[in-house]
Amino acid sequence: MAKKQKFDFDLIVIGSGAGGSAAATIAARDGKRVAIIEADTFGGDSPNYSDVPTKALLHAAQLYDEARNGARFGLRSNTLGYNYPSLRAWKDLAVKRTGAGGNRKYYENEGISTHKGEAHFLSPNEITVNRRHLTAETFLIATGSHWVAPRIQGLDDLPYLTPRTVLETVRLPKTLYIIGGGTIGVELAQMMATFGTKVYIAEIASRLLPREDTEVGELLEKTLREQKGVVSLLQTRTLSVVKDGLGKRVMYTRGGVEKSIRVDDVLIATGRTPSVDLGLENARVIYTPKGIETDAYLQTSARHIFAAGDVLGHSSHTHTALLESRVAAHNLLHKNKVAPDYTATSRLTFTHPGIASVGLLEDDCLKRDLQINKSIAPLNIIARSNTSDFRDGFVKIIADKKGVILGATVVAPHAGEIIHELALAVKLQLTCAQLASTPHAFLSWSEAVRVAASKLASS
């Protein structure tokens, strides 16, 4: 007689986004009995509500902007317009095409048991989903994170937009107050302003994109102001929001002075918090509101439970969650555990110009008391800036005293593509001389990388 299986599954993955999907697939293909649980839409945040739809609309906005300003190239485009329902239809098509959004069938085709609903631990090896009890030998928690509104008087009493709901609006607001000048805030500010919304963006720090080097935020603020009329309210604390006719009145303080502004809508882009409300104490998993605690191998305090992605509370990059998901799968399946290597993880902001950075920032080096050399190559010194008539941007490289590249930032069209040779340089500890001596194709934006590297190679 066959031995009765002790558990329903070998592995239950909670969350079908980037942190869970790779691991579930890898384990299923390894012959394990796998279940995946999703409380929201299968595929998670990235393909359904953030990366994919946002970038689809940003691409359309960029095309519209370039075409509208085509007179300098001899193009007659001043009568150009757009249809917002059609833009939304394009966004929905892009989501559908990626195939990762709403992809419950994909998991089922991989032989993975799928369950829609909130998972809650009853004990270390048992969870409940929609009153159904499921058991497993091992678990991967990849519940991600969710948008949280800051404590602002009156905000809870009024409807407001989030980076998720703003993509579903039937029409764009004429005026918009964005709280939060990080990556998502500035991407949405540029997109909305391109389509004609008057945008105010409030950031508590002294610059936009406070997690990037100073030059980045300063250049982006200037670009948004001069090209899109975006008003950046820096070092600004939002105090309250009240109803004002059909719109809202926002009170804020800046430089010790209280001011108010009337807008159609308010968008919250201040940050996300890990989704840890799933009875973790019943599984003896140690966590805080800032996320689940794991060791270097993504193993929680309960040895049979691992965690990956935003629920760890340290990153909002989809490619980081995917990396962690693959590592977690390896560690669940093999005795020889590996740790995720974050060294060359790029950070991207899909504005125009694009912004990408990798490795250490100048601020990081100062905090660590590292002796560094740095160089900046402005885009306007390479030929491509003339043929494309685009000069606002730069490549910045930071190296140690031996010339080994520690970090880099690119502000340029296609920055997200250009950054990868710099990521490789950081990962392999290449020197500026090695990068500078690598032929860079003429009339590519990447020539600015060679220029920045050669400045340091010769210093």
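Student: Which residue in S23 is the bridge partner of Ile398?
Tutor: In this predicted model, Ile398 has Gly407 of S23 as its bridge partner, and that pair belongs to the six bridges by which strand S22 (residues 394-400) is joined to S23, the two running antiparallel.

Student: What sits between those two strands, and where is the positive phi in the hairpin?
Tutor: Four residues lie between the strands of the S22 and S23 hairpin, and Gly403 takes the positive phi there, near 90 degrees.

Student: Which other strand is joined to S23 by six bridges, and how does it run?
Tutor: Strand S20 (residues 354-359) is joined to S23 by six bridges and runs antiparallel to it, with Ala356 having Val410 in S23 as its bridge partner.

Student: Why call S23 largely enclosed?
Tutor: Of the eight residues of strand S23 (residues 405-412), seven are buried, so the strand is largely enclosed by the rest of the structure.

Student: New topic, the open sheet of four strands: what's the order?
Tutor: The order is S10-S9-S8-S14, and the pairing is parallel. Strand S10 (231-234) and strand S14 (265-268) stand at the edges with a single partner strand each, so one side of each has no neighbour in the sheet. From one strand to the next, the twist averages 20 degrees.

Student: How many bridges join S9 to S10?
Tutor: Four bridges join strand S9 (residues 198-203) to S10, the two running parallel, and in one pairing Ile201 has Ser232 of S10 as its bridge partner.

Student: Which helix lies across S9?
Tutor: Helix H6 (residues 183-194) does, and besides S9 it lies across strand S8 (175-179) and S14, running at about 165 degrees to S9.

Student: Switching to H4, what span should it have?
Tutor: Helix H4 (residues 84-98) has 15 residues, which at 1.5 Å a residue should span 21 Å, and this agrees with the 22 Å between its end C-alpha atoms.

Student: Which residues of H4 are buried?
Tutor: Tyr84, Leu87, Arg88, Lys91, Ala94 and Val95 are buried in H4. Around the axis they cover an arc of only 115 degrees, which puts them on the same side of H4.

Student: What covers them, and which exposed residues are on the face turned away?
Tutor: The cover over the buried residues of H4 includes helix H2 (45-48) and helix H3 (51-68), whereas the face turned away from the buried side carries the exposed residues Pro85, Lys96 and Arg97.

Student: And what comes just after H4?
Tutor: Just after H4 comes Gly99, which takes a positive phi of about 75 degrees.

Notes
Residues are numbered from 1 along each chain as its sequence is written. This is a predicted model: local features need pLDDT of at least 70, side-chain atom pairs count only at pLDDT 80 or more; totals for chains, interfaces and linings use all residues. Side-chain values use heavy atoms; hydrogens and water are left out. Two strands pair if DSSP finds at least two bridges between them. Axes are lines fitted to C-alpha atoms, for helices over the stretch in contact, and angles run from 0 to 180 degrees between N-to-C directions. Contact means heavy atoms within 4.5 Å. The expected span of a helix is 1.5 Å times one less than its number of residues. Buried means under 20% relative accessible area, exposed over 50%, partly exposed in between (1.4 Å probe, protein chains only). The arc is that of the directions from the helix axis to the C-beta atoms.
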